[in-house]
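Open the model in your viewer and keep the sequence panel beside it. The tour goes stop by stop, each with something to select.

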Amino acid sequence: MNLNLTEIDPSGIGPELALKILQLPDDQVAAIFPYTTALRERYFGNKVKLCSIVNAKSGACPEVCGFCPQSSDFKGAESPVYPLMSPEQIASVAQDSENNGSREFSIVTSGRGMTRERELQMVEEALHEIGETTKVEKCASLGLVSKETLQRLKGAGLTNYHHNLETARSHFPSIVKTHSYDEEVAAVKAAKEVGLRVCSGGIFGMGETIEQRVEFIFEVKELGVDNFPINFLNPRPGTPLEDVHDLSPYDCLRIIAAARLAMPAQNIFVLGGREVNLKAMQSSIFLAGANGTMVGNYLTTLGTAPNDTVQMIEAMGLEIDRSGVH
Ligand code: SF4
C-alpha cells in the first residue's frame, strides 16, 4: 500500500482508507508498520503507557452484555461475585499497580451504574486514599452514571472516566440487550462535559463485520475521546459468545493500525485478549501503533505477569512512561 505519511494530517485517515487497511492481506500488514510506528513516535516518542484496573465489585449484574460472564443472565458463566471492596483494599491494589509501573489505575465495578449513596462514598474515599498514597492517575469505570455523580467523583480526585461503547452502533443490539447505544454515548459525553479525560473503546471479534469495525473506529473518533482502549474478545464459557473465535493475530494488528492511522494523536491501548489473540505476535502491537497496554490482570481473566509485559516493552527498545498526566 502506498501511503504518504505527509498526507496524514493530525485529523487522520478517513473510513475508506481504514477499510482498505482492514482488508490488507497478511503478507502486506508489515508494510504499513513504518507509517504506524512513525505516527506513534511523532506523538509519543518511544514511551509506552501502562494502566491497571481493580475489579472492585464483581458479578451479579442485572445487565445482559453477550461477552460478559458477570451478567447474572448467563447461568453457566463463571465469575467471582462480591460486593464493593473497601477503600483501603482498593487503594492497596493501586499501590501495587504503581509499583508495577502503572501510571493510571481504574476502579471498575459491575452493574448498570453506581447509584447507591454508600457505594459512591466508598469510591470517593478510595480516590482520596489513592491520591494520598500514590501518584497514579485516577480513573473509574462505574457504568452509566449521571453528570452529578461524575462531578462528585471529580471533586474526590478522579481525573479519567472509562466507558466503552463496546462495538459499532449497528452491531450493538445483537450484543447488549438491556441498554442502548445512545445511553453509552451519553455517558461518554457526560464525562467529557464535566472535564474528565475520557477512555472509550470496546471489544473487537464479537461477530462484527470488517465494515462494522470501521464504523466503530469512526464512532469513537467522532466523540473525540482521549484514549481508545482496544480489547480483543477472549470468549468466556457460558456466555453467548463462548464459541466466537473471529480474530487472527494479523486481524488484531490490522485493527490497531487502522485505529492509529485514523486517530494519530490519541492514546491507543491494547487491553483484554492481548495474549490469547496475538499469541507470539504481542509485541507487534507497538509496531502497529499502540502506545499503551495493561499490566496485571483483566476484569475477569488473568493477564501476563507484570514483569513479562515490562520485558516485552523493553525488548522492543521502548520505555515505560512514568510521567504524570497524559
Ligand atoms: S459489561 Fe458491565 S453492565 Fe454488562 S453485564 Fe458485564 S458488568 Fe454488567
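Helices (H or I, at least four residues) and strands (E, at least two) are DSSP runs, numbered from the N terminus. Residue numbers start from 1 along each chain as its sequence is written. This is a predicted model: local features need pLDDT of at least 70, side-chain atom pairs count only at pLDDT 80 or more, and totals for chains, interfaces and linings use all residues.

**Whole chain.** Show the cartoon. The secondary structure comes to twelve helices and ten strands. The C-alpha atoms fill a box of roughly 55 × 40 × 35 Å along the principal axes. Of the 326 residues, 49% count as buried. Buried means 20 or more other C-beta atoms within 10 Å of the residue's own; exposed means 12 or fewer, partly exposed in between, with C-beta atoms placed from the backbone.

**Helix H8.** Select residues 210–223. This helix has 14 residues and reaches 21 Å from its first C-alpha to its last. Step on to Gly224, which follows H8 and has a positive phi, near 65°.

**The core.** A nonpolar core is a set of buried Ala, Val, Leu, Ile, Met, Phe, Trp, Tyr and Cys residues joined through C-beta atoms within 7 Å. The largest one has 87 residues; Ile90, Ile230, Ile256, Ala258, Ala259 and Leu261 touch the most other members. H9 gives the most to this core, with nine residues. Select Ala258. Not counting residues up to four places away in sequence, Ala258 touches Ala18, Ile21, Leu22 and Ile217.

**Gly76.** Go to the loop between strand S1 (47–57) and helix H4 (87–99), where Gly76 is found. Is Gly76 buried or exposed? Gly76 is exposed, because 10 other C-beta atoms lie within 10 Å. Beyond four places in sequence, Gly76 touches Pro237 and Gly238. Draw a C-alpha to C-alpha distance from Gly76 to Arg260: 37 Å, across 184 residues of sequence.

**The ligand.** Finish here. Select Cys61, Glu63, Cys65, Cys68, Gln70, Ser71, Ser110, Arg112 and Gly143, which surround the ligand. A residue is near a molecule if its C-beta atom, placed from the backbone, lies within 6 Å of it.

Key. The expected span of a helix is 1.5 Å times one less than its number of residues. Two residues are in contact if their C-beta atoms, placed from the backbone, lie within 7 Å.
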